[in-house]
Amino acid sequence: MATVTVRDETATGRAIDQWPLTGLPERISARELVRLRARGWQAGYLGTWDGGYDSEATKLFGGGAWRASFHHQLVETDGPRDHDVHHCSTDQVRFARHDGTAWQPAPVTDVPPLVFTEAMRDVDLFVGVTSIATDPQWADRGADRFRDYWHRTVVGELTPSAQVRRDALARLLPRMAIAGRVTLADRYLHVRGNLRGYRIHLGSGNIMMEPNDAYLCIVPARGGTGRLHLPFEDDPMLSTILSKAIMLAADDSITDPTVLRQLAA
C-alpha cells in the first residue's frame, strides 16, 4: 500500500498530514511513459546502462514559475539476458520554484494549490491508467514477483482519479440505454446480463463474473476501434469501463469465441 505524506520541510520535518492510497499502483508498464510526454511532461529514457536505472519526469506549471518532478526507477527483469525495459516503479513527486536564475526546492506547503492539484492530477491519472493491474492478461502469465501485487490491486480501494471516475459514471449512467441493467456500488459497476451477472472494478477495469467471482478477461481492441468518445478524454479507463458494461449487458449477443468459452466455464 502506498502512502502520501506531507511534511513540514521548513522546520522539524515532521509529518503534518498523511493518508493511504490503497489502490495507488507502484509498478507500471514502462512503455506507458509516453503518456506523460503526451501531457506535456519531459522524461528521460530508462535502460540497463550507467545512469539509466532511474529518471524523473518534469513539467512546468504556473506560467513556468513552478516545476514538478516525478521520480521513477527501472524494474529489472528476472532473465539474466533480458535487457529490455518492461516496467518501472513510481517514487516521489517534488516541487521547485524558479528564483530568476535557478530552480530551488520548495516545501509542499509553499506550492500554490492550483499548481499542486494540476500536477498531482496528472500523476494520479498516469499511475492509475498504466498500472500492471489494468492489464487483463497479467494473471495468465504465470507466477512471478508481481503476481500478488496484481491480485491485491485489481480489487483495491479506489484512487482519487477512480473516485472522480465513479462520480462521472453516476452522472452518465442514468442517461444511457443500459441504465436499467447497471448498479453503481462503492468500488464496482454491477452489470446484469442475459446470461450472467458481472462487476467491473472502477479502478482497474477488471471484470469478475457472478456468482462464483470467476475472472473474465476481455482485451480492448488496439488502435481505439469502437472506443467511446466522451467529454473525459484524459481518462481512457472511463470509456473502457462503459464499453465493457454495454457489451456485458447484451452478453447473449457476444460472438468472440474466447469470451464465450469463459462465460460457459
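**View 1. An overview of the predicted protein model.** This is a predicted model, in which local features need pLDDT of at least 70 and side-chain atom pairs count only at pLDDT 80 or more, while totals for chains, interfaces and linings use all residues. Residues are numbered from 1 along each chain as its sequence is written, and side-chain values use heavy atoms, with hydrogens and water left out. The protein holds six helices and 13 strands, where helices (H or I, at least four residues) and strands (E, at least two) are DSSP runs numbered from the N terminus. Of the 265 residues in the protein, 42% are buried; buried means under 20% relative accessible area, exposed means over 50%, and partly exposed lies in between (1.4 Å probe, protein chains only). The accessible surface comes to about 14,300 Å², and 52% of this surface belongs to carbon and sulfur atoms, with areas taken from the Shrake-Rupley method with a 1.4 Å probe and, for residues, only the protein chains shown counting as cover.

View 2. Strand β6 (residues 66-75) and strand β7 (residues 87-98) pair in the antiparallel sense over nine bridges, and two strands are said to pair if DSSP finds at least two bridges between them. Within this pairing, V75 stands opposite H87 in β7. Strand β7 is also joined to strand β8 (residues 103-105) by three bridges, again running antiparallel, and here A96 stands opposite P105 in β8. Four residues lie between the strands of the β7 and β8 hairpin, in which G100 takes a positive phi near 105 degrees.

View 3. Q92 counts as partly exposed because its relative accessibility is 39%. Leaving aside neighbours within four places in sequence, Q92 is in contact (heavy atoms within 4.5 Å) with S69, F70 and H71. The side chain of Q92 also makes a polar contact with the side chain of R94 at 2.6 Å; a polar contact is a pair of N or O atoms within 3.5 Å, where within protein one must be able to donate a hydrogen and the other to accept it, and residues adjacent in sequence count only if both atoms are side-chain atoms. Although Q92 and E56 are 36 residues apart along the chain, their C-alpha atoms are separated by 9.3 Å.

**View 4. The largest nonpolar core.** A nonpolar core is a set of buried Ala, Val, Leu, Ile, Met, Phe, Trp, Tyr and Cys residues joined through side-chain atoms within 4.5 Å. In the largest such core, which has 27 residues, L189, V191, Y198, I200, L216 and L248 touch the most other members. The elements giving two or more residues to this core include β10 (188-192), β11 (197-201), α5 (236-249) and α6 (257-264), and the largest share, seven residues, comes from α5. Beyond its neighbours within four places in sequence, L189 has contacts that include Y198, I200, I241 and A245.

**View 5. The open sheet of five strands.** Five strands form an open sheet in the order β9-β10-β11-β12-β13, with antiparallel pairing. Its edge strands are β9 (182-184) and β13 (214-216), each of which pairs on one side only. The twist averages 30 degrees from one strand to the next. Helix α6 lies across β11, β12 and β13 and runs at about 165 degrees to β13; axes are lines fitted to C-alpha atoms, for helices over the stretch in contact, and angles run from 0 to 180 degrees between N-to-C directions.

View 6. Strands β12 and β13 pair in the antiparallel sense over three bridges, and the bridge partner of M209 in β13 is A214. P211 is placed in the loop between these strands, and the peptide bond from E210 to P211 is cis, with omega near 10 degrees. D213 lies in the loop between β12 and β13 and has a positive phi of about 60 degrees although it is not a glycine. The residue R199, in strand β11, makes a polar contact through its side chain with the side chain of D213 at 2.7 Å. R199 counts as buried because its relative accessibility is 15%, whereas D213 is partly exposed, with a relative accessible area of 36%.
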